[in-house]
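Q: I'm new to reading structures and I'd like to zoom in on the aromatic rings. Please take me through that part slowly, and show me what sits around it.

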Amino acid sequence: MKERILYFDLLKGTAIFLVVMGHALTMCIRDIDAAPLFKIVSQVHMPIFFFVSGFLAYKDGFAMPKLGKKVSQLLVPTIVVGTIWFFVFPSTKIESPLYTTVEGMLLDPWKNGYWFTLCLFELFLVYSAIAWVLRRIASGLLKLIVVCVGYFALFLLSKCSILTGGDPLSLTLTTQFYPVFFMGVFAHRHIDTYNNITTGDKAYYPVAWLVLIPLYYLASYPWEFEFLPKDYQYITTPIMHAALIVVAVVLAKGWSEIGLAPGVKPSVVTGYFNYLGQKSLGIYLLHYFFLFPLAPLREPLRNLGLSILPTLVVALIVAFFVVACALFAVYCVERNKFLARILIGKV
């Protein structure tokens with residue numbers, strides 16, 4: 001069995017907790033999307049998952065991924081659990097604008113919450129095609145051009161999809177995270193350069209912060225930049241994601257070197273997030289069933305100006321409870337191999 005990359009587990013554990021925090025704010029409480037905490041959380045977690053997935057997708061010489069395994073791991077549980085959720089969520093009384101019609105759910109890019117695994121599978125499909133080309137090219141520059149052409153092709157396909165009246169394949173989201181997925185692929189291929197860039201004592205780290213902060217603001221509050229050309233974020237967001245990955249990896253590596261060093265007993269916090277990282281797919285697939293309405297908190301938080309501290313406390317408490325329930329559900333599902341395969345993609 002291939003050795004786990006421990007700091008990736010910490011990254012994924014942190015990211016999935018942030019996912020649940022975000023849903024605590026936007027699905028349990030609802031209508032407080034302007035909260036600064038949500039703006040931070042919403043820009044952080046998903047790029048991490050796609051980067052790690054791209055990193056792990058790369059094999060020597062751009063070997064083809066095992067698509068059959070990806071169908072079992074990603075598509076099957078998405079269809080099964082997503083279908084169950086479609087029938088269950090109306091009874092939860094959550095006010096989030098999820099679709100109650102099959103057509104609405106299928107045409108919406110967010111798929112009632114189950115877009116991530118669909119988009120990730122699509123990126124593995126795209127990667128398979130591009131990897132076939134990359135294996136036959138020697139020039140690094142040409143490889144980069146091929147990847148950029150793939151990005152542009154996805155961009156055009158997503159625009160065509162929207163013009164037809166919907167986004168059944170969630171191509172807008174697949175396109176958004178295509179660059180950071182391939183950042184992971186090339187980070188693994190050029191591992192020495194990647195390790196050099198993500199060393200905390202190098203100049204790359206402070207530069208990444210300097211790039212990240214203004215581009216984060218640009219991505220979070222686009223209505224303040226209406227003077228910029230249309231679709232500018234297809235250029236600025238990948239740069240922001242690159243800076244985010246440098247910052248996140250440097251922090252996670254430092255955390256892992258201290259908290260998960262050989263012979264060192266991990267702290268409760270380190271052990272918790274490390275475990276979440278190992279169960280992140282199951283948590284993502286099942287946590288929606290444990291969200292619950294918290295509408296009475298909406299006005300008090302608004303009266304506090306949606307400031308970070310109160311929203312953070314609420315989101316942390318709710319997320320901890322929801323994650324605990326999801327982990328228990330994952331534990332129960334894992335007791336049966338068939339259920340583990342169809343509900344949490346354990347193959």
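A: Let's start with one aromatic cluster, formed by F49, F50, W85, F89, W110, Y114, W115, F116, F177, Y284, Y288 and F289. Before going on, keep in mind that this is a predicted model: local features need pLDDT of at least 70, side-chain atom pairs count only at pLDDT 80 or more, and totals for chains, interfaces and linings use all residues. Numbering runs from 1 along each chain as its sequence is written, and side-chain values use heavy atoms, with hydrogens and water left out.

What makes two rings a pair? Rings of Phe, Tyr and Trp (its six-membered ring) pair if their centres lie within 6.5 Å; planes under 30 degrees apart are stacked, over 60 edge-to-face, and the rest tilted. That rule gives 41 aromatic pairs here. Take Y58 and F62: their ring centres are 5.1 Å apart and their planes meet at 85°, so this pair is edge-to-face. Y58 and F62 are also buried (buried means under 20% relative accessible area, exposed over 50%, partly exposed in between, with a 1.4 Å probe and protein chains only).

Now try Y178 and F182. Their ring centres are 4.6 Å apart with planes at 40°, so the pair is tilted. Y178 and F182 sit 4 residues apart in helix α7 (residues 171-189), about one turn of the helix. (Helices, H or I with at least four residues, and strands, E with at least two, are DSSP runs numbered from the N terminus.) Y178 and F182 are buried as well.

Leaving out residues up to four places away in sequence, T92 touches W85 and P293, where contact means heavy atoms within 4.5 Å. T92 is found in the loop between α3 (67-88) and α4 (102-107), and its relative accessible area of 16% makes it buried. Along the chain T92 and P293 are 201 residues apart, yet their C-alpha atoms are separated by 7.5 Å.

Rings can also have a charge above them. That counts if NZ of Lys or CZ of Arg is within 6 Å of the ring centre and within 35 degrees of the ring normal. The charged end of R136 sits over the ring of W132, 4.0 Å from its centre. Likewise, the charged end of K39 sits over the ring of Y221, 5.5 Å from the centre.

Helix α2 (residues 36-57) packs against helix α9 (residues 204-220) at about 105°, with axes 10 Å apart. (Axes are lines fitted to C-alpha atoms, for helices over the stretch in contact, and angles run from 0 to 180 degrees between N-to-C directions.) That makes α2 roughly perpendicular to α9: under 35 degrees is roughly parallel, over 145 roughly antiparallel, 65 to 115 roughly perpendicular, and the rest oblique. From α2, the contact uses P36, K39, I40 and Q43, and from α9 it uses Y216, A219 and S220.

Finally, look at R30, in the loop between α1 (6-29) and α2. Its phi is near 75°, a positive value in a residue other than glycine. R30 counts as buried, at 16% relative accessibility.
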